[in-house]
Amino acid sequence: MKSKLSIDLAELRLANPAMLAAGILGMTSFSLKRVAEAGAGAVVTKSVGLKPRMGYPNPTVTQAEGGVLNAMGLPNPGIDYFAEEIRKTKSTVNCPVITSIYGFSAEEYAKIGKKAEEAGTDALELNVSCPHVEKVGCEIGQDPKILKTIVKTVKKNVSIPVFVKLTPNVTNIIEFAKTAEEGGADAVTAINTVRAMAINVETKRPILGNKLGGLSGPAIKPIALRCVYEIYPEVKVPIIGCGGIRSWRDAVEFILAGATAVQVGTAISFEGPEVFQSIKKGIEAYLKKEKHGSVREIVGLAHRG
Ligand code: RRO
């Protein structure tokens with residue numbers, strides 16, 4: 001039975017629209033289970049590649065005004081090891097499990113996607129938008145031709161839904177949302193972090209080990225919201241809003257802008273997984289107060305003339 005909070009995302013049914021964003025607490029089945037038990041409607045893993053990868057030297061994270069700057073550099077144990085974590089997660093959580101994947105070629109994306117599918121993941125989220133890793137992140141998400149090839153190749157090789165996480169570090173994000181849809185994407189996630197940096201005035205050097213990183217948190221919320229609002233009238237596939245969401249009010253803003261679901265990331269570092277309960281309860285109270293029958297009913301309402 002459909003509840004007021006439940007939503008359909010591609011072929012997935014989520015009990016509520018607040019999902020765990022990739023990159024936060026998504027590396028082990030233990031932490032994914034913790035987030036699912038806290039009330040997330042779905043969980044997305046940390047991005048995983050074909051081979052294990054160390055990531056960048058420290059510092060990899062620093063605070064910024066209104067947010068967090070990171071340059072982790074895609075640290076991950078590789079899909080062969082991670083497949084076991086996917087299996088364990090699937091056997092212990094009762095919400096959809098989405099595996100975030102990255103690769104250095106279309107074939108690599110497809111290979112990783114197939115392995116994740118075999119391990120039982122419910123959907124893939126293609127990370128084509130890491131703002132600071134050469135030849136894999138934005139370089140893919142900023143090139144429509146490569147982006148389309150990757151989405152098409154993955155779609156040909158798996159039968160589970162494929163989401164594409166878009167970068168805001170482009171002039172016109174609509175073009176990339178449309179490209180992902182043309183390639184066969186079942187949903188788009190908007191947005192990954194905003195390319196950014198911080199400098200220590202005493203050492204007179206960039207703070208992050210990698211110098212450049214990605215900004216997340218409340219500081220990017222208006223940018224992410226604008227991206228969702230711009231994409232909504234241009235594509236038919238559902239949009240997953242991501243960027244600075246930390247309260248039910250933020251979540252509702254994204255849904256009114258056109259998001260079917262939202263992802264919560266940085267807020268968890270500050271408030272813990274309990275943030276999912278307050279978002280869920282807040283959306284429910286909002287629907288009641290505004291006399292709306294369901295979340296589905298308010299998707300994109302901010303576009304009314
Ligand atoms: O690992 C990272 O440094 C990272 C990734 Br994969 C990403 O997609 N976005 C981000 O801000 N950092």
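Predicted model: local features only at pLDDT ≥ 70, side-chain atom pairs only at ≥ 80, totals over all residues.
A polar contact is a pair of N or O atoms within 3.5 Å.

An oxygen atom of the ligand is 2.9 Å from a polar backbone atom of L74. K46 uses its side chain instead: one of its polar atoms lies 2.8 Å from a ligand oxygen. The protein covers 92% of the 310 Å² of accessible area that the ligand has on its own. There are 13 residues around the ligand. Those that come nearest are K46, G73, N127, N192 and T193.

Now look again at L74. This residue sits in the loop between β6 and α2 (79-92). Its phi is positive, about 55 degrees, although L74 is not a glycine. Is L74 buried or exposed? Its relative accessible area is 3%, so L74 is buried. Compare K291, in the loop between α10 and α11. K291 is not a glycine either, and its phi is positive, near 60 degrees. Yet K291 counts as exposed, at 72% relative accessibility.

Next comes a sheet. Four strands form it, in the order β5-β6-β14-β11. The sheet is open, and its pairing is antiparallel. Which strands stand at the edges? They are β5 (61-64) and β11 (194-197). Each has a single partner strand, so one side of each is left without a neighbour in the sheet. From one strand to the next, the twist averages 40 degrees. Inside the sheet, β6 (residues 67-70) and β14 (residues 212-216) pair over three bridges. Here L69 stands opposite L215 in β14.

One joins N58 and P59, with omega about -10 degrees. P59 lies in the loop between β4 (42-44) and β5. The other runs from A190 to I191, with omega near 20 degrees. I191 belongs to the loop between β10 (187-190) and β11.

Finish with helix α8, residues 248-257. Its buried residues are D250, A251, V252, F254, I255 and A257. What do they pack against? Their neighbours are the helices α7 (221-231), α10 (275-289) and α11 (295-298), along with the strands β15 (239-242) and β16 (259-264). Just after α8 comes G258, which takes a positive phi of about 135 degrees.

Notes
Residues numbered from 1 in each chain as written. Heavy atoms only, no water. Buried < 20%, exposed > 50% of the residue type's maximum accessible area, 1.4 Å probe, protein only. Helix = DSSP H or I, 4+ residues; strand = E, 2+ residues; numbered from the N terminus. Contact = heavy atoms within 4.5 Å. Pairing = 2+ DSSP bridges. Axes fitted to C-alpha atoms, helices over the stretch in contact; angles between N-to-C directions. Near = heavy atom within 4 Å. Polar contact = N/O pair within 3.5 Å; in protein donor to acceptor, adjacent residues only side chain to side chain. Areas by Shrake-Rupley, 256 points an atom, 1.4 Å probe, with all protein chains shown as cover.
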